[in-house]
Amino acid sequence: MIPKDPFILLGYINMKLRDEYPDLEELCKSEDIDRSALEEKLAAAGFNYDPTSNQFK
């Protein structure tokens, strides 16, 4: 279960990307997360995925 609060979610996802996954696609597949829903939720809080740095900013 992923955090509901967008700011806690941001930290959680970025930690997973930094420590465990090479990119967002792999994270979403492995953790069974709807990528578009995740990106929409974080975008609503002002964060977008940057594939070059492999994190949401």
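Q: Where is N14 found?
A: This is a predicted model: local features need pLDDT of at least 70, side-chain atom pairs count only at pLDDT 80 or more, and totals for chains, interfaces and linings use all residues. Numbering starts from 1 along each chain as its sequence is written, and side-chain values use heavy atoms, with hydrogens and water left out. Helices (H or I, at least four residues) and strands (E, at least two) are DSSP runs, numbered from the N terminus. N14 is found in helix 1.

Q: Is N14 buried or exposed?
A: Buried means under 20% relative accessible area, exposed over 50%, and partly exposed in between (1.4 Å probe, protein chains only). The relative accessible area of N14 is 15%, so N14 is buried.

Q: Which residues does N14 contact, leaving aside its neighbours within four places in sequence?
A: Contact means heavy atoms within 4.5 Å. With those neighbours set aside, N14 is in contact with Q55 and F56.

Q: How many aromatic pairs does the structure hold?
A: Rings of Phe, Tyr and Trp (its six-membered ring) pair if their centres lie within 6.5 Å; planes under 30 degrees apart count as stacked, over 60 as edge-to-face and the rest as tilted. The number of aromatic pairs in the structure is 2.

Q: What kind of pair do the rings of F7 and F47 make?
A: Their centres are 5.9 Å apart. Their planes stand at 90°, so the pair is edge-to-face.

Q: How many residues apart are F7 and F47?
A: F7 sits in helix 1 (residues 6-19). F47 sits in the loop between helix 3 (35-44) and strand 1 (49-50). The pair links distant parts of the chain, and the separation is 40 residues.

Q: What is the angle between the planes of Y49 and F56?
A: Y49 and F56 form an aromatic pair that is tilted. Centre to centre, the distance is 5.4 Å. Between the planes, the angle is 55°.

Q: Are Y49 and F56 buried or exposed?
A: Y49 has a relative accessible area of 16%, so Y49 is buried. F56 has 3% relative accessibility, so F56 counts as buried.

Q: Which residues have the most contacts inside the largest nonpolar core?
A: A nonpolar core is a set of buried Ala, Val, Leu, Ile, Met, Phe, Trp, Tyr and Cys residues joined through side-chain atoms within 4.5 Å. The largest one has 14 residues. Those with the most contacts inside it are I13, L27, L38, L42 and F56.

Q: Which element gives the most to this core?
A: Helix 1, helix 2 and helix 3 are the elements that give two or more residues to this core. The top contribution is 4 residues, and it comes from helix 1.

Q: Which residues does L42 contact, leaving aside its neighbours within four places in sequence?
A: L42 is one of the residues with the most contacts inside the core. Beyond its sequence neighbours within four places, L42 is in contact with P6, L9, L10, F47 and F56.

Q: How does helix 1 lie to helix 2?
A: Axes are lines fitted to C-alpha atoms, for helices over the stretch in contact, and angles run from 0 to 180 degrees between N-to-C directions. Angles under 35 degrees count as roughly parallel, over 145 as roughly antiparallel, 65 to 115 as roughly perpendicular and the rest as oblique. The two axes come within 10 Å and cross at roughly 105°. That makes the pair of helices roughly perpendicular.

Q: How many charged residues does the contact of helix 1 with helix 2 have?
A: Helix 1 brings Y12, I13, K16 and L17, and helix 2 brings L24, L27 and E31. Ala, Val, Leu, Ile, Met, Phe, Trp, Tyr, Cys and Pro count as nonpolar, Asp, Glu, Lys and Arg as charged, and the others, Gly among them, as polar. The contact has 5 nonpolar residues and no polar ones; the charged number is 2.

Q: Which residues of helix 3 make the contact with helix 2?
A: The axes of helix 2 (residues 24-31) and helix 3 come within 10 Å and cross at roughly 115°. Helix 2 uses L24, E25 and C28; helix 3 uses R35, L38 and E39.

Q: What phi does N54 have?
A: N54 is placed in the loop between strand 1 and strand 2 (55-56). N54 is not a glycine, yet its phi is positive, at about 55°.
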